Amino acid sequence: AKEKGRDGYYFFTEELNIRAIKLLTLEQELRHALQFDEFTLLFQPQVHIKSGEINSVEALIRWHHPTRGRVSPDDFIAVAEETGLIVPIGEWVLKKACIEIKMLQQLTQFPLKVAVNLSARQFKDPKLETVIKEVLECSGLEPQFLELEVTESMLMDDIQSVIAQLNRIKATGVTITIDDFGSGYSSLSYLKRLPVDILKVDREFVRDIPDDLNDMEITSAVIAVAHKLNLKVIAEGVENIDQRDFLVINKCDYAQGYYFSKPLTFEDLYDYFCKIERI
Ligand code: C2E
Ligand code: CA
Ligand code: CA
Ligand code: CA
């Protein structure tokens, strides 16, 4: 029994060590990635649902690891958040997105907007307002073309400080979207007090339309309530025409998903754009 207990103890510390080493390695690799330009952005079109016309794009980060190849954000954003590296990575994303979309605007003469995901740490950072101003200034992108996506869960903090931070961000002239709406538990009275512009209905609710009646009820109710609060609504994860039609009938404003386009490289976005413009 003693042997076993000792083995158990060793096993336990070894597990902890492996986890710590993995975290440390990933942290070093992420630092390296920042320094040696291993990140890129993809842009996924967000269309005006009725006309299908492109309105904006969501910037989505990709990591091209020298040996492991393409690493999904789901596999490193959490660690970046945990280690604090998400702050410089998030700044990089913000800057890159603004520069590239400004360039695209100049190439196409189209007033394209860009939506950038903020992490919880970035949102809490008192310097965020300054960072946004600097990025807008250095890229030359006008503030009305930048949308920042914050998740519902990030807003579930002390409401006074959340409202104050949202107001500071909005004072720069950018737009705020609540991402993954419906996945958290914010009450509608809470939502009413938040200075935000757009609700993004979580993919979770769109996925099983038209088979799941509950999801259809929830989605149409969220759209109706959002409109009552003077917010625009975008649905994410739209993959087929039934979902698209349901959203049109229920007056959703915008949509994003594989049905319209997967996330595109800058070059592919430019081509997509030229094609659409010609129609
Ligand atoms: P998200 O913000 O909810 O982004 C939407 C995700 O859904 C993206 O995954 C996108 O590729 C995927 N998607 C788009 N259309 C469809 C569809 O029709 N069907 C399905 N099944 N999926 C679709 P991605 O690019 O792997 O990003 C995953 C998550 O990683 C994002 O979820 C976001 O939370 C995070 N993320 C990505 N880029 C950044 C970033 O620059 N900063 C931060 N903080 N987080 C990021
Ligand atoms: Ca998002
Ligand atoms: Ca989302
Ligand atoms: Ca989601």
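1. Strand E2 (residues 54-65) runs parallel to strand E4 (residues 113-117), and four bridges join them. Strands pair when DSSP finds at least two bridges between them. Strands (E, at least two residues) and helices (H or I, at least four) are DSSP runs, numbered from the N terminus. Across this pairing, Ala 59 stands opposite Val 116 in E4.

2. This is a predicted model, in which local features need pLDDT of at least 70, side-chain atom pairs count only at pLDDT 80 or more, and totals for chains, interfaces and linings use all residues. Residues are numbered from 1 along each chain as its sequence is written, chains are lettered from A and ligands numbered from 1 in the order written, and side-chain values use heavy atoms, with hydrogens and water left out.

3. E4 also pairs with strand E5 (residues 146-151). The two run parallel, joined by four bridges. Val 114 has Leu 146 in E5 as its bridge partner.

4. Now the metal site. The calcium ion (ligand 4) has Asp 180 (OD), Asp 202 (OD) and Glu 236 (OE) as protein donors, 2.6 to 2.7 Å away. Donors are N, O and S atoms within 2.8 Å of the metal (3.2 Å for Na, K and Ca); water is not among the atoms, so sites may look incomplete. The sequence spacing of the donor residues is D-x21-D-x33-E.

5. Distant parts of the chain are linked here: Asp 180 is in strand E6 (residues 175-181), while Glu 236, 56 residues apart from it, is in the loop between strand E8 (232-235) and helix H10 (241-249). Asp 180 is partly exposed, at 23% relative accessible area. Glu 236 is buried, at 11%. Buried means under 20%, exposed over 50%, partly exposed in between (1.4 Å probe, protein chains only).

6. Asp 180 coordinates two ions: the calcium ion (ligand 4) and the calcium ion (ligand 3), 3.3 Å apart.
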